[in-house]
Amino acid sequence: EENVLRRVTDEIVDIFNPENIIIFMMNDEGSYKLGHIYPSDKHVPITSIASNRNIENLLYSNVYPLVLEYSDSLWISNNLDRVMRELIHSASSSAIIPVIKEHFVTGFMLLGAKRSGNLYNSEDADLLNSIAETAAEAVNNIKLYRSRREKEELERDIEITSTIQKNLLPDKPPLLRGAELGARIKPCKGVGGDFYDFIRLSPDVTVFVISDISGKGIPASFL
């Protein structure tokens, strides 16, 4: 994801040459985390922003970048919360570009003024929106790939743990006079915290051991 954001930043710098770029992307916990900064030594006082319905609705309703150069202080005060106003002020941002994927605001980019001194226009907004759409698609693909890889690794861990767990169980129950024994474990998540064993103390004494660890899955199997 960092590489994608770096390439997006490089593309924006090549085209618009802004004074700075700050990118926030939503993490798995639903908060917007600082993803990339240009220039790298720029100080950003806020690195995490809680999911905010107001700013999300504002960004989504506009879809295109919000060019703050054309907005007065009253509009900014009425439409942006304190955290966003502080972030925009500290970064001297001139535009907010929403990163939207499937009708959901997955992040946003703050751009400083152009070094040329020219203001952002409607053509710039169209191009920035296109760049943001490409970034949203690329980041989403990375997250899908990561999720699929984590799932495959978990399934492989479950398979290995299940094999180890089965090897800890007796191959078959002992033969006893006057009794027929049978045992089977079928965990609901591939592995679990159930265990049994037959311990022959003497020709006439056999102990049955049955245990059940609280919980399910891999954590319970470790115990």
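View 1. L111 touches I12, N20, I21, S93, S94, A95, I97, Y120 and L128, leaving aside residues up to four places away in sequence. Contact here means heavy atoms within 4.5 Å. Residues are numbered from 1 along each chain as its sequence is written, and side-chain values use heavy atoms, without hydrogens or water. In this predicted model, local features need pLDDT of at least 70 and side-chain atom pairs pLDDT 80 or more, while totals for chains, interfaces and linings use all residues.

**View 2. The largest nonpolar core.** A nonpolar core is a set of buried Ala, Val, Leu, Ile, Met, Phe, Trp, Tyr and Cys residues joined through side-chain atoms within 4.5 Å. Buried means under 20% relative accessible area (1.4 Å probe, protein chains only). This core holds 22 residues. V8, I12, I97, M109, L111, Y120 and L128 touch the most other members. Two or more residues come from each of α1 (2–16), β1 (21–26), β5 (93–101), β6 (104–112) and α5 (122–168). Helices (H or I, at least four residues) and strands (E, at least two) are DSSP runs, numbered from the N terminus.

**View 3. A separate core.** Another core lies apart from the largest one. It has 20 residues, including M26, L66, M84 and L110.

**View 4. The whole chain, for orientation.** The chain has 6 helices and 8 strands. Their order is α-β-β-β-α-β-α-α-β-β-α-β-β-α. The C-alpha trace spans about 95 × 30 × 30 Å along its principal axes. Buried residues make up 35% of the 223 residues.

Definitions and conventions
Buried < 20%, exposed > 50% of the residue type's maximum accessible area, 1.4 Å probe, protein only.
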